[in-house]
Protein chains: 2
Amino acid sequence: MLFIPRGFRASAVHCGIKKASTREDIALFVADEPSVGAGCYTQNLVVAAPVILDRERTPADNLQAIVVNSGNANACTGPQGMLDARQMAKQTASLCGLSEEQVLVMSTGIIGEPLPMPAVSRGISAAAAQLATDEKAWQAASRGLLTTDTCNKIRSTRFPLGGHEVTILGIAKGSGMIGPRMATMLAVILTDVRLSPTSAQAALARGVEQSFNSISVDGHTSTNDTVLLLASGAASTAELEGSDLAEFERQLRSILTQLALAIVQDGEGATHLIQIDVSGAASANDAKRIAETIAASPLVKTAVAGGDPNWGRIVSAAGYAGVPVDVARLTLRVNDFLLFENGVPQGFDRQAASNSIRHNRQTQIALTVGDGNGQATFWTCDLTKDYVTINADYHT
Amino acid sequence: MLFIPRGFRASAVHCGIKKASTREDIALFVADEPSVGAGCYTQNLVVAAPVILDRERTPADNLQAIVVNSGNANACTGPQGMLDARQMAKQTASLCGLSEEQVLVMSTGIIGEPLPMPAVSRGISAAAAQLATDEKAWQAASRGLLTTDTCNKIRSTRFPLGGHEVTILGIAKGSGMIGPRMATMLAVILTDVRLSPTSAQAALARGVEQSFNSISVDGHTSTNDTVLLLASGAASTAELEGSDLAEFERQLRSILTQLALAIVQDGEGATHLIQIDVSGAASANDAKRIAETIAASPLVKTAVAGGDPNWGRIVSAAGYAGVPVDVARLTLRVNDFLLFENGVPQGFDRQAASNSIRHNRQTQIALTVGDGNGQATFWTCDLTKDYVTINADYHT
């Protein structure tokens with residue numbers, strides 16, 4: 001069941017940027033009225049042209065459209081790349097009766113090839129002619145962001161807020177080259193609440209930190225990572241503040257987390273979602289660094305793929321996270337099996353522990369590192385032969 | 001042709017620590033006289049018992065034996081692990097007529113299982129009875145360090161120094177869980193020059209920085225990494241200093257680098273050795289961070305496995321190395337094909353570039369990032385399906 005936020009239309013078409021499939025490769029999101037927009041972007045110093053463009057244009061209160069292409073990242077494409085990104089915005093604006101600056105742009109796919117602008121242009125024209133509010137249009141639009149993803153990722157929620165019924169809808173793509181610190185991922189969040197640009201930007205940044213910035217597939221930070229939020233205000237009259245704003249943030253974080261987990265679960269070749277909870281650290285930051293280091297270890301990820309409760313790889317990864325760790329205070333549980341307690345290996349039923357990994361799609365790693373208050377949760381996926389196949393065969 | 005340093009004997013036996021093979025699992029290296037010893041160790045905060053022991057005992061001028069077991073890392077084994085490591089040293093000392101403190105210990109293999117001390121003890125006794133100076137004994141000893149390695153790694157050199165003919169012999173193991181900052185690797189360096197403990201330690205540390213600390217297989221820093229050097233002094237009369245010491249360091253670095261490359265070439269599942277040269281950085285440290293980040297990217301490593309000159313993955317990895325990078329100043333060559341120059345993708349013969357990767361066992365990535373003097377070389381291997389098979393199936 002999909003909830004569509006008021007004041008937006010969407011569409012998508014296949015224009016031929018993706019050569020190997022007929023999946024949609026241009027998606028368009030248009031608000032009926034000027035909307036508040038915010039953005040969070042990759043921390044890579046090598047960034048794609050649309051990231052440069054969007055950074056200039058967010059946050060703002062007059063944004064009205066997002067045009068997305070998949071199949072080509074428009075990254076490392078030199079000055080022509082910037083011209084092409086601007087042209088995408090310009091054409092979209094022209095077709096929708098907007099000014100160029102009201103349009104944001106996202107691209108994802110192959111790095112370093114110029115956009116096939118004739119195809120892109122045909123796609124934008126066709127998409128603009130099909131804008132609609134029905135679920136079918138939104139599902140198509142969500143497919144328009146995908147690259148190596150095996151499924152589209154769309155989540156929504158509707159809830160009462162300040163006497164109104166409001167909606168948040170989120171769409172994401174991502175499967176490989178996933179963070180930490182964003183990912184080869186794009187996300188579009190559309191909501192009909194009314195926000196100030198400042199609170200929109202703050203709410204998005206905080207939510208991203210605990211969702212898209214707390215996942216990893218292969219640790220390769222991409223050039224294109226972008227999360228955009230548009231708030232139309234069509235369902236509420238006054239700008240959110242106080243407890244209403246806090247409730248909105250909570251709901252937004254839930255949508256962002258659902259999308260982030262959908263990306264990890266769809267990690268290239270993945271057979272397991274791995275959740276890593278680190279507690280007892282001196283700070284949340286220390287906890288996150290330990291969790292992130294465990295998540296990045298190919299040895300931990302292959303162990304889970306093999307159904308192997310190999311606690312030695314987990315404990316040893318904690319030891320090189322770059323934060324103080326005392327092995328005598330480490331306690332580790334995997335799927336509730338106690339494997340290591342205060343530095344001492346524990347007897348446990350190996351076969352049962354292995355089965356609990358093999359027979360569940362999710363593996364939980366819970367590591368206590370002391371008695372501090374620092375806690376963090378990080379998600380990754382396992383590393384399988386299929387990851388290698390996908391990435392060794394993906395052509396440049 | 002192997003050159004054996006004067007004043008040392010070696011041996012190895014299979015005692016049953018390795019259950020899946022009959023390969024040697026205890027190796028012994030004994031000097032005829034008290035020797036100068038130095039050590040470099042893992043930077044993991046979770047360390048194996050023998051690392052704790054050896055750190056206490058190096059550098060020193062009275063060391064005389066190194067006992068090694070493979071198949072069990074004696075890591076995360078609690079207080080019993082320390083007792084077992086000390087017992088290995090004690091038994092070796094007793095059999096060789098030494099005091100316990102003259103013996104260093106190395107272990108590698110599975111983490112978190114207690115050493116099977118009855119087998120270890122039988123092995124040490126048998127090895128002590130077979131100590132010899134012939135090449136066969138040294139080859140056997142080099143096999144005694146191995147775990148998932150597909151071949152033994154032994155390199156030697158003999159050269160004139162200060163009127164004497166001197167020898168350096170190095171033995172290493174390592175294949176997975178390889179650095180950066182050491183690796184799941186062990187190395188023993190034996191030489192017949194005469195060194196002070198201070199210059200032995202300094203020469204070893206400098207050499208390790210440019211060899212074992214400049215390689216990566218999977219980025220997982222192990223609990224056991226150890227490089228030990230013993231200098232018997234049997235081939236020279238006075239302690240090395242000045243230009244003789246510098247020449248020794250140069251030769252030592254060559255042996256260390258040969259061993260480090262042998263580890264990367266034997267990286268689990270590897271089909272390519274990848275050399276990454278970064279130049280033009282503001283400092284050598286910046287250059288190394290960029291090279292190391294490229295080396296750690298599974299996307300770069302799978303691209304090489306697939307024979308894919310995917311420069312976008314390389315350039316984008318440089319962008320998140322955590323040091324200043326300006327894409328407009330990046331120039332990239334892979335196997336001498338110019339792929340990217342000052343931020344602009346270059347036309348190149350894709351098929352020829354792909355073939356040059358496919359048909360060579362070594363791939364060279366050369367990235368210029370500006371006009372600074374900082375330069376670094378880092379080595380890694382490609383990531384193949386076999387890496388996943390090996391590590392998903394290796395039992396805990």
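Visitor: How many bridges join β11 of chain B to β14 of chain B?
Guide: In this predicted model, strand β11 of chain B (residues 331–334) is joined by four bridges to strand β14 of chain B (residues 362–368), and the two run antiparallel. Within that pairing, B:Arg333 stands opposite B:Ala366 in β14(B).

Visitor: And which residue stands opposite B:Leu332?
Guide: That is B:Phe340 in β12(B); β11(B) also pairs with strand β12 of chain B (residues 337–341), in the antiparallel sense and over three bridges.

Visitor: What lies between β11(B) and β12(B)?
Guide: The two strands form a hairpin with two residues between them, and B:Asn335 in the turn has a positive phi of about 50°.

Visitor: Switching to chain A, where are its domains?
Guide: Domain 1 of chain A covers 8–265 and domain 2 covers 273–393, with 32 Å between their centres, taken over C-alpha atoms. Their contact takes 12 residues from domain 1 of chain A and 11 residues from domain 2 of chain A.

Visitor: Which element gives the most on the domain 1 side?
Guide: α6(A) does, with four residues, and by class the domain 1 side that touches domain 2 of chain A has six nonpolar, six polar and no charged residues.

Visitor: Then the chains: how many residues of chain A are in contact with chain B?
Guide: There are 47, in contact with 47 residues of chain B. Among the elements of chain A that each supply at least two residues to that side are α8 (298–305) and α11 (385–393), and the side as a whole has 22 nonpolar, 21 polar and four charged residues.

How values were computed: Residues numbered from 1 in each chain as written. Chains lettered and ligands numbered in written order. Predicted model: local features only at pLDDT ≥ 70, side-chain atom pairs only at ≥ 80, totals over all residues. Contact = placed C-beta atoms within 7 Å. Nonpolar A, V, L, I, M, F, W, Y, C, P; charged D, E, K, R; others polar. Pairing = 2+ DSSP bridges. Domains from an automatic or database assignment.
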